[in-house]
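This report goes through a few parts of one protein model. Keep the sequence and the 3D view at hand while reading.

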Amino acid sequence: MFIQTRAHSTLVSAVVALGLAGTLRGGAFQGEPPDVQLLRAQTSYASGRYRDALVAFAQVAHADAPAVKGPAQIGLVQSALRVAEFDLARSTATELLRDSPGDASVLSIYGDAMWSAGLFPEAHDAYQRAVSLNPDQARAHNGLARVLAAKLRYDAALDAARTAVRLAPDEADYAYTLGATYQRMGHYPEAADALERFVRLLPKADKDDRAAFARSTIVALRAYGRRIPYRIASNPDGVYVLPFRLADDKIIVAGRINGSAEGEFVVDTGAELATVSRRAVDRQGVTPLAFTVSAGVGEVGLRGLQIGRIDSLELSGLRIQNVPCIIKTPALSSLPAPERDSVSPLALGLSMTVDYAKRTITLARHLPADEAPASETMSLWLTRLATVRGMVGDEHPRSFVVDTGGQVISISTDTARALPAPAGATRIALKVYGASGWDREAYLLPGVNLAFNDIRFNRMSVVVLSLRAPSVLLGYELGGIVGHQFLSKYHVSFDLEKAELRLRK
């Protein structure tokens, strides 16, 4: 009963928030039979008018006729995912699964909703159950491809993505997953081919933001030609130990771009790619390839930048060729300090150990055996960013970015809204700057309980940040970020081979 009440109230809120209660842009149809309204909703979705479809599906999602209600709720989840209404997708999918627990198509759409909520283990379980019930369930195979890629099981992910495309060759999303899988494997020509297929399959492709983003990605991928991305020119199986210093709670290492003079890089696992300034283009020969979109904390939100290629990146004895990067141009002028160049070893395909006591970082494809057992071992999900599972309060599981470039422990504004307000607590406004400028909504929230496995923080004060823009870009809801304040108390290992984050006191 609680789930149904919550889902219904959310539906009403969604319709009211969109300002379209009872009507589509095309005109009123409130008095039409439910099956006609369902057809209208499906037509809106098929033509790429996802917000119109969302409202239309919401109007019939609780119809008395089962033949209308089920498809309407599935359409509602799909539409909600398209416009990043993650809570609505999750609550509706939960209601659907309660009513039809043995339906493979329902399990598949439930898996998509759990993925969008950042609940990756739940998504994985739903996809596996769907495939066991119906091996020809294309959506479930597509979901498994994303799950397997997030656990760095790329060969299995590729098989699942190919299966989804074979079973549903006209579904654009499955072509995109195939392209993304090829891209993460470093097979750029195949990735570009799959993304071109994705663009062709999109409705209204010439007006779809996803098409514009995909076209830019295709240009960048094609620009590599026969170059092998992330090619380790030094010993590929070597173990590289780099000294670092701490500045403003950030890990700083020395490095060179394209044989230039030595400079400094922030080691930033909260970034999907290496990032460089415009100066790197002018003075160090970084090649701009295409325009792209980035997102981070700050009022700018989604930020237009350039994607480029570093021909050679040197970090002590480690030399890597053909490194994709983000060129931060135009630069933000409102920051209290200039943006630093950064590098994420995880994006380079390397596991990493950070020894805060010795001020060293170890980088390798195969990390040496740990000197002592880990105090905590957490499952690591590389969903473009490295995330782990955390529990906020007593009943709110969320995905947290593990960010060596960040400072504090934070939660998202959406996560904060789900918590009961602490008695007598006062929000303390903060001036927080992120990758996208000043976050005007940031504040300090006291009295929050957090847990990461057996690591517990009771009634602590956490920073609340707007993570809406990066969540929309990533396609799943970020619950928060753990940075230096959390990590520096441990000897930290990001093990990509085992997909683990290991912490040792």
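Which residues of α3 are buried?

## Helix α3

The model is predicted. In helix α3, the buried residues are Y50, D52, A53, L54, V55, A56, F57, A58 and V60. The helix covers residues 50-60, and because 9 of its 11 residues are buried, α3 is largely enclosed by the rest of the structure. A residue is called buried here when its relative accessible area is under 20%.

## The open sheet

Six strands form an open sheet: 6 strands in the order β4-β14-β13-β26-β27-β15, with antiparallel pairing. At the edges are β4 (239-243) and β15 (376-379), each of which pairs on one side only. From one strand to the next, the twist averages 15°.

One of the pairings can be followed in detail. Strand β14 covers residues 360-364, and β4 pairs with β14 in the antiparallel sense over 5 bridges. Among the residues involved is Y240, whose bridge partner in β14 is L363.

## Residue G480

G480 lies in strand β25, which runs over residues 480-482. Is G480 buried or exposed? Its relative accessible area is 0%, so G480 counts as buried.

Which residues are in contact with G480, leaving aside its neighbours within four places in sequence? They are S399, F400, V401, S410, I411, S412 and L467. A distance can be given for L465 as well: G480 and L465 are 15 residues apart in sequence, and their C-alpha atoms are 8.0 Å apart in space.

Key
Residues are numbered from 1 along each chain as its sequence is written. This is a predicted model: local features need pLDDT of at least 70, side-chain atom pairs count only at pLDDT 80 or more; totals for chains, interfaces and linings use all residues. Side-chain values use heavy atoms; hydrogens and water are left out. Helices (H or I, at least four residues) and strands (E, at least two) are DSSP runs, numbered from the N terminus. Buried means under 20% relative accessible area, exposed over 50%, partly exposed in between (1.4 Å probe, protein chains only). Contact means heavy atoms within 4.5 Å. Two strands pair if DSSP finds at least two bridges between them. Axes are lines fitted to C-alpha atoms, for helices over the stretch in contact, and angles run from 0 to 180 degrees between N-to-C directions.
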